[in-house]
Amino acid sequence: MAIDVPYTRSQLMVAAAAREIMDHEVIFVGMRLPLLGFLLAKSLHAPNAVGVYELGIVRDSVAPEPILTMGDLPNLYRSAWLADTFDAMCLLQQGLVSASFIGGAQVDRFGNLNTTRTFDAEGRMASLPGSGGACDLACLAQRHIIVMSHERRRFVERVDYITSPGWGEGGTWRNDVGLPRGGPSTVITTLGVLRFDPETREMLLTSIHPGVRLEDVLAQTGWDLSVSPELSETPAPSAEEIALLKRFDPKGYWTGK
Amino acid sequence: MPPSKLLSLSEAVQRFVPDGSAVALGLSLETAIPFAFGHEVIRQNKRNLTLIGPISDILFDQLIGAGCAEKVRAAWVGNVITGIGYNYQRAAESRSITVEHHSNFTISLALKAAAMGVTFLPSLTALGSDILNENPSITTMSCPFTGKRLSAVAAIRPDVAVVQVQRSDTSGNAHVWGCLGITREACMAAEKVLLLAEEIVSSDMIFRDPNRVLVPGFRVSAVAHVPWGAHPSPMPGYYNRDHEEFLRYKNRSKRPEDFEAWLKSDVHGVPDRDVYMRRCIGEERMQALAIRNHSIAEGVDYGY
């Protein structure tokens, strides 16, 4: 039975992110919404999922208190392994990480992400914090899931800088540049969920969030976006998911808006 | 007994961080960031430093804002919970610093290569990225055995690696625990290692648990006793992260004039960490940050 509960756009995104995680998968967990998505999946349908954090933490359980950064001490408490960044990256490079989540300031039609620098129409540069581990995740995880705000200035024809490679220029590009595996599988935005055409590797709109119109999505995308013939509506978060999110993010720091 | 390497933080910075040094710091990513060290570097008005690190939280931003840095070789510079580091952004956009972009893995590889005493390490990361296209210390190569395409990351040998540790003896034999990020690689890679310790303890206590020792004491140049040296970042076993301070810093660094005011009150306005903690943070917040849920591991038997 579906019960209507009020929810925020961010809560919907986290719920959608959680659904991308399958039981027994090894998930490389980043900050913010993906971190909450992992905790949600772990609490609900993926109890045996294992989290790897780039500081060198492997966790098999939910941290005992809400955390704001992966280095918060509750995230170290009774973890399964405390090691080095190098070790976490070696798990990734061996292909042992099933999925990772990353965001960006810009994404393009082939899922390339930019978190390094952008240029406006007048050519003025805006400097951003950089890759962190995102480039490594995009190169080496079995698949990666992009979570970001859907705005025309962010969804661009071609990113100004490839910090985290997606499908490059499409087709066989990843293989051609030597990447051993992976590629973006899903883009979860404030407006919908997008996936990639298996041949062309171009982004394809597959679901729209409740209350969002197709023309909004198209207007907020900076290229001629392909739409799946089986376009559906993103399921709203359940009461149970909302209750868990309130536990993991009690002050609404990440999911309040 | 080997000679003591115990120095005051001020002396250690004076002696081991000359202008123009390449300094690796913030090596555990979000934990154990040596803020006390950075603030002393600012007080001593060090110039033309190269900052080396993985995800650097706001310490790089502070050093850049204070004009200490001319170059950054790092994977990420900002404020981990709020995003943009404003001083970094201003400096990068005005090109008053040079930025060499890395990923967390490429910076790990660069330090690991130096730690191994080789000139580079191969990898599969960064292929197809502009990090590889643009960074002169990352290139591609063919595997000599399979012919497959690899990235090759040149070694980085810092002049000094700076680490806040839990406890150390006076000779630099130190215990660390928690997640270490790229601390071990950086210490093994660096010409000199400078430790800031929450506690100074006996060598006997250190040697009873040698698995926990960071690097051999002979690899360490100096030890300073600096309790709370990592505040506002967390120190496993000692104190939690002061989230409020990171949120406050966002507003205190957004405009150059606000940052100047912060520098004046929280860095130049205090002589050392002890006064910083008492005056800028206060007893009440220190108590709130203390570890409440202790989790002591069982001892292990190293006997023969």
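**Close-up views of a predicted two-chain model**

**View 1. Helix H1 of chain A passes helix H2 of chain A in a right-handed crossing.** A crossing is right-handed if the near helix is turned clockwise from the far one by less than a right angle, and left-handed if anticlockwise. This is a predicted model, in which local features need pLDDT of at least 70, side-chain atom pairs count only at pLDDT 80 or more, and totals for chains, interfaces and linings use all residues. Residues are numbered from 1 along each chain as its sequence is written, chains are lettered from A and ligands numbered from 1 in the order in which they are written, and side-chain values use heavy atoms, with hydrogens and water left out. The axes of H1(A) (residues 9–19) and H2(A) (residues 33–43) come within 8 Å and cross at roughly 55°. Helices (H or I, at least four residues) and strands (E, at least two) are DSSP runs, numbered from the N terminus; axes are lines fitted to C-alpha atoms, for helices over the stretch in contact, and angles run from 0 to 180 degrees between N-to-C directions. H1(A) and H2(A) are therefore oblique to each other (under 35 degrees is roughly parallel, over 145 roughly antiparallel, 65 to 115 roughly perpendicular, the rest oblique).

**View 2. An open sheet of 3 strands in chain B has the order E6-E8-E7, with antiparallel pairing.** Strands pair if DSSP finds at least two bridges between them. E6(B) (120–123) and E7(B) (138–142) stand at the edges, each with a single partner strand, so one side of each is left without a neighbour in the sheet. Neighbouring strands are turned by 35° against each other on average, direction ignored. Between E6(B) and E8(B) (residues 149–154) there are 4 bridges, and Leu121(B) stands opposite Val153(B) in E8(B). Helix H5(B) (residues 104–116) packs on this sheet, touching E6, E7 and E8 of chain B; contact means heavy atoms within 4.5 Å.

**View 3. Strand E11 of chain B (residues 192–200) pairs in the parallel sense with strand E9 of chain B (residues 160–168) over 8 bridges.** Ser168(B) stands opposite Ile200(B) in E11(B). E11(B) is also joined by 4 bridges to E12(B) (residues 222–225), and these two run parallel. Leu195(B) has Val223(B) in E12(B) as its bridge partner.

**View 4. At the interface, 50 residues of chain A are in contact with 57 residues of chain B.** The two chains bury about 4200 Å² between them, 59% of it on carbon and sulfur atoms. Buried area is the accessible area (1.4 Å probe) that two parts lose on being put together, summed over both.
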